[in-house]
Amino acid sequence: MLSISNLHVSVGDKPILKGLTLDVPAGEVHAVMGPNGAGKSTLGYALSGRPGYEATEGSVEWNGADLLDLDPAERAAKGVFLSFQYPIEIPGVPALTFVRTALNAQRRARGEEEVSAPEFLKLVKAASKALKMDFDMLKRPLNVGFSGGEKKRMEILQMALLEPSLLILDETDSGLDIDALRIVADGVNALRSPERSMLVITHYQRLLDYIKPDRVHVLAAGRIVASGGPELALQLEAEGYDKYLPAAA
Amino acid sequence: MSALFDIDLADASTFPSRRTEAWKYSDLKRYLREAPQPSPTAAIGAPGPFYDLGGEAIVFANGRAVGVTDFIASGDQTLRLRYISDAVGTGHSAGARVAARAGARLLLLETHEGAGSAYVAHNTLELDVAAGAEVTRIVLVEEPEDALSIAQAQVKVEAGGVFRQTVIATGARLQRVETRVDHHARGAHVQADGLYLLNGARQADLTSVVRHLDRDGTTSQLIKGVARDAARGVFQGKIVVERGADGTDARMGHHALIASERAEIDAKPELIIYADDVQCAHGNTVGALDESALFYMQQRGVPADEARALLTQAFLIEVVDRIEHEGAREVVREWLTARL
């Protein structure tokens with residue numbers, strides 16, 4: 001269970017999140033939708049601990065731990081995974097090396113045994129096949145020269161291997177054509193499970209045709225201003241965010 | 001003392017200071033006012049980082065030659081050139097001469113292995129690469145943080161020769177690895193690479209001067225460095241294209257990362273061109289580790305220190321990857337990885 005309570009987050013001196021409260025029970029998929037500038041990406045960064053995103057008030061509990069006390073790597077070891085809107089290119093570090101380093105670092109942090117090289121290769125081969133990824137691509141530096149779709153698939157591959165329990169998808173559909181979107185959504189849907197919570201942050205309803213949420217929340221001006229079932233997303237798509245803006249101002 | 005090298009540890013008046021342009025970033029006089037007492041004899045301990053690659057050896061211990069000081073390579077050969085220092089507060093000099101005959105392929109594995117503290121070492125090498133010979137020189141420098149060390153090489157590459165060099169420096173109180181190359185071109189190729197990885201208050205100075213003396217020669221230089229803590233990296237690269245050296249193709253790149261607010265990088269790339277028909281380029285960048293990349297890696301569970309080490313290695317390894325000799329490349333890769 002993810003429990004965000006009265007969360008205030010500032011970037012520099014500027015308050016972005018202003019008392020955000022939100023619960024995501026285990027096994028549920030919640031969408032957070034909102035207009036540009038509402039604080040959607042800030043929410044993802046604040047949950048994952050990006051430096052510069054300072055929580056000035058409130059709490060974020062995840063499976064009993066207060067995430068705000070932990071650094072980003074510790075949060076990752078607790079199962080938090082933020083899928084980036086624009087995955088970062090890391091020259092000089094092969095994708096395979098990176099994922100194995102990350103997986104073993106998480107396992108060490110949890111007191112589990114590391115995965116051996118042959119065992120890891122087996123896991124990666126199976127996961128990349130499921131995502132229709134060219135295995136040779138994984139020998140290249142992470143995300144360097146990858147297309148938008150390839151980068152997103154790389155994110156899904158990492159999810160599949162790292163098996164996070166809290167998935168935060170930040171504008172996962174941006175830059176994807178319909179075919180890539182379907183593959184990515186299938187990858188995400190395959191990870192749905194009773195133990196796993198997902199927070200899908202998106203501006204457009206389109207992604208929610210493929211990743212069906214249990215609940216939809218509207219984020220405007222740093223707060224959740226409305227919550228409802230999947231029909232709320234359709235209503236937003238039809239009516240836009242206008243009606244939430246004056247109320248939030 | 002050879003006339004090629006103008007520093008004499010027994011004569012303080014020969015110590016360069018910042019008043020000399022070429023030494024403005026590495027002011028030896030500031031650290032060394034008087035000639036140091038000569039170092040005593042030293043024992044040779046460990047077999048050196050390149051032992052497993054075999055070959056012949058020239059060894060100096062505190063400036064004293066253990067066996068020969070000269071070597072002439074013919075055919076396919078490996079030579080380990082070891083300058084070993086084990087002294088406290090004293091000074092020593094050593095000089096070696098190496099030549100590669102026409103058609104020879106020499107792998108020259110040079111190490112500056114220091115123990116003790118606050119010693120002064122001045123090590124020199126004269127290297128001749130004959131027409132059609134190919135020399136790969138790897139220079140690994142590891143010394144105590146308070147040592148003063150100057151390594152100078154004078155290299156002559158004759159027409160059609162190939163000289164490739166990779167310097168790996170970890171710094172000292174003052175550590176300078178200087179290479180001067182007379183490039184006789186006519187199809188000859190020079191690669192003058194290097195990297196520095198500096199912690200604490202260490203300094204390293206990679207200085208090189210490549211003079212293109214004739215037409216149709218190529219030079220390629222890639223230097224990368226990382227300065228952490230209060231360390232200081234210096235790169236001085238000069239490529240001179242003399243009159244008549246048309247058809248020269250020379251590329252120089254120096255790229256450094258500053259990993260702390262107190263660290264410093266001083267770079268002075270120079271291209272001096274007296275010929276008309278040449279292609280020369282240089283690039284110089286100094287930056288910080290990519291914060292977004294660091295966060296991304298941490299977000300996937302890699303702890304901050306490990307993420308920094310991985311990014312640092314990724315940055316530096318490009319220089320190591322350019323070492324063509326596989327055995328030497330792997331030794332250097334492991335050596336470097338162990339020091340991240």
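How many helices and strands does the secondary structure of chain A come to? The tally is nine helices and ten strands. Keep in mind that this is a predicted model.

**Chain A overall**
- With a radius of gyration of 18 Å, close to the 18 Å that the globule rule gives for 249 residues, chain A is as compact as a globular protein of that length.
- Buried residues account for 42% of the 249 residues in chain A.
- Take the contacts in chain A between residues at least 6 apart in sequence: 71% of them link residues at least 24 apart.

**Where chain A meets chain B**
- On the chain A side, 22 residues are in contact with 17 residues of chain B.
- Sorted by class, the side of chain A that touches chain B has 15 nonpolar residues, plus five polar and two charged ones.

**Strand 9 of chain B**
- Eight of the ten residues in strand 9 (residues 148–157) of chain B are buried, so the strand is largely enclosed by the rest of the structure.
- Strand 9 of chain B pairs with strand 7 (residues 120–129) of chain B in the parallel sense, over ten bridges; B:L148 is the bridge partner of B:V120.
- Strand 9 of chain B also runs parallel to strand 11 (residues 174–183) of chain B, joined by ten bridges, and here B:V155 has B:V181 as its bridge partner.

Key
Residues numbered from 1 in each chain as written. Chains lettered and ligands numbered in written order. Predicted model: local features only at pLDDT ≥ 70, side-chain atom pairs only at ≥ 80, totals over all residues. Contact = placed C-beta atoms within 7 Å. Nonpolar A, V, L, I, M, F, W, Y, C, P; charged D, E, K, R; others polar. Helix = DSSP H or I, 4+ residues; strand = E, 2+ residues; numbered from the N terminus. Rg over C-alpha atoms; globule rule 2.2 N^0.38 Å. Buried ≥ 20, exposed ≤ 12 C-beta atoms within 10 Å, placed from the backbone. Pairing = 2+ DSSP bridges.
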